[in-house]
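Hello,

Here is the structure, for your files. My notes follow below it.

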Amino acid sequence: MAKAFKRNDGRKVDEMRPMEAKLGVVKSAEGSAMFKAGKTIAIAAVRGPREVVPAHKQRADRGLLRCTYDLLSFSVNDRKRPGPSRRSSEIGMVIENALLPAMDLSDWPYTSVDLYVYITQADAGTRCAGINAAALALADAGIPMKELVSAVAVGKVDGQVIVDIDKHEEDQGEFPTDIPVAMMPNSGKVTLLQLDGKITKDELNSALKLAEKSCKEIQEVQKQAIRAKYVSKEESK
Amino acid sequence: MKDYMKSLINDEKRFDGRKLNEFRNVSVTNNVSENAEGSAIVKIGDTEVIAGVKMATTVPYPDSPDDGTLMVTAEFLPMANPDFSAGPPSIQAIELARVIDRGIRESKMVDMKKLCITKGELVWMAFIDLYIINDDGNLIDAAALAAIAALKDAFMPKLDKENKLLHELSSKKLPIIEDRVPLTCTVFKIGKNLFVDPVLAEEKENDARISIGISSEGDINSMQKGGITALTLDEIDQAVELAKKATDDLRKILK
């Protein structure tokens with residue numbers, strides 16, 4: 001059955017969409033990056049560490065990470081009303097939680113690292129592309145991290161577990177199951193896990209295995225983007 | 001800083017060696033977001049704006065039953081400038097959107113009659129949404145250019161038999177009347193000199209500014225004065241001349 005499974009764009013079940021990553025896309029920010037997976041494009045920018053406004057949110061023991069996520073109104077088929085929504089607030093929060101385990105902000109009490117993630121073109125997997133861009137933006141800003149965070153949406157479509165679901169697949173079949181996963185690929189720890197749909201425990205396990213393998217591939221693309229900006233051509237030879 | 005900036009501009013000098021009437025490099029890239037009916041990224045130096053057009057159907061206004069309608073919104077993304085914050089649009093964002101909205105509307109560059117589907121019942125509405133990605137000054141000009149570039153790039157979506165919107169574009173472009181397309185140049189004043197296209201550091205010190213939208217035929221479609229210093233009639237005349245030259249140059253880049 002697995003052999004007969006055909007994806008809309010001809011990918012193998014464990015094959016990611018083509019990825020691209022680039023640092024320094026928002027010139028005036030302390031750090032920024034673009035991450036593209038297939039047709040989904042995310043940009044992320046970091047401002048800070050800077051003094052927390054409003055002041056009552058300051059923490060004496062550590063700095064804060066605050067993430068804003070949104071879709072540009074025209075990035076999706078039905079125009080999204082500009083400005084924050086309940087969905088974008090929630091995703092901003094889960095992105096924070098996906099990145100914090102890799103960070104240590106104890107050296108920056110009273111400050112915040114403000115992270116902005118925007119989707120300029122959406123074809124599913126936007127929070128994952130956002131996390132991939134965000135991890136790079138944090139690295140570009142020089143925020144210490146234990147390792148990069150990488151993310152991908154795995155899932156089940158028409159009974160088949162597949163990786164990097166696109167919009168077409170997200171709506172395909174009776175119970176399409178979408179599972180965004182973020183990991184620290186080196187330590188194998190999961191920092192974001194969401195799921196909606198219908199899936200068995202075994203299928204979930206194989207989906208997560210697939211996510212682990214793919215996050216390692218994503219991390220390579222991320223590292224390449226960092227090298228492209230910070231390692232001169234001579235050194236990399 | 002203010003004194004230094006004043007003396008620089010007084011000596012007709014710029015931070016980056018440009019002349020007072022000289023723009024930074026301007027680039028326009030179309031079709032940057034494929035779910036949009038039309039889109040564009042405009043860069044003026046390090047300033048970057050992304051614009052997208054989405055079309056929807058709506059009931060026409062009673063006083064113009066066979067005219068389509070349009071709306072411009074702008075969001076100053078908080079990543080674009082450390083002084084921008086998330087939340088409801090700032091007064092600057094509202095002003096920018098309204099200045100650009102007026103330029104597009106009053107120039108009548110979009111043939112609103114052709115956006116009528118059923119007279120008195122159903123017309124097209126064009127949403128032109130602008131997002132500031134990075135602010136290094138002169139946002140109004142960059143955003144206005146992005147709005148125009150996105151509109152010129154836009155195709156009409158298809159409708160089904162019941163006039164319901166399909167997520168598929170036709171091969172028909174948005175009805176644009178080319179001769180009427182306005183471009184906008186904002187002229188700034190520091191001390192006694194007028195200049196165009198400030199970087200952020202220059203813009204912060206301006207005494208006054210005036211945005212001028214001019215069609216390819218040379219008609220002025222919109223004006224907006226900002227800042228708390230008055231301008232003389234002579235200065236306004238000079239500003240229009242500066243804007244004419246600048247929009248002529250921008251028009252070449254747009255094509």
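In chain A, helix H2 (residues 126-140) lies across E1, E2, strand E3 (40-51), E4 and E5, and runs at about 150° to E2(A). Helix H1 (residues 86-99) of chain A lies across E4 and strand E5 (111-121), at about 135° to E4(A). Contact requires C-beta atoms, placed from the backbone, within 7 Å; angles run from 0 to 180 degrees between N-to-C directions, with axes fitted to C-alpha atoms, for helices over the stretch in contact. Helices (H or I, at least four residues) and strands (E, at least two) are DSSP runs numbered from the N terminus.

This is a predicted model: local features need pLDDT of at least 70 and side-chain atom pairs count only at pLDDT 80 or more, while totals for chains, interfaces and linings use all residues. Residues are numbered from 1 along each chain as its sequence is written, with chains lettered from A and ligands numbered from 1 in the order written.

The five strands of chain A form an open, mixed sheet in the order E1-E2-E3-E5-E4, where pairing takes at least two DSSP bridges. Its edge strands are E1 (19-23) and E4 (64-71). E1(A) runs antiparallel to strand E2 (residues 31-37) of chain A, joined by five bridges; A:Lys22 stands opposite A:Met34.

Just after H2(B), B:Lys108 has a positive phi of about 55°.

Regards

Technical notes: Two residues are in contact if their C-beta atoms, placed from the backbone, lie within 7 Å.
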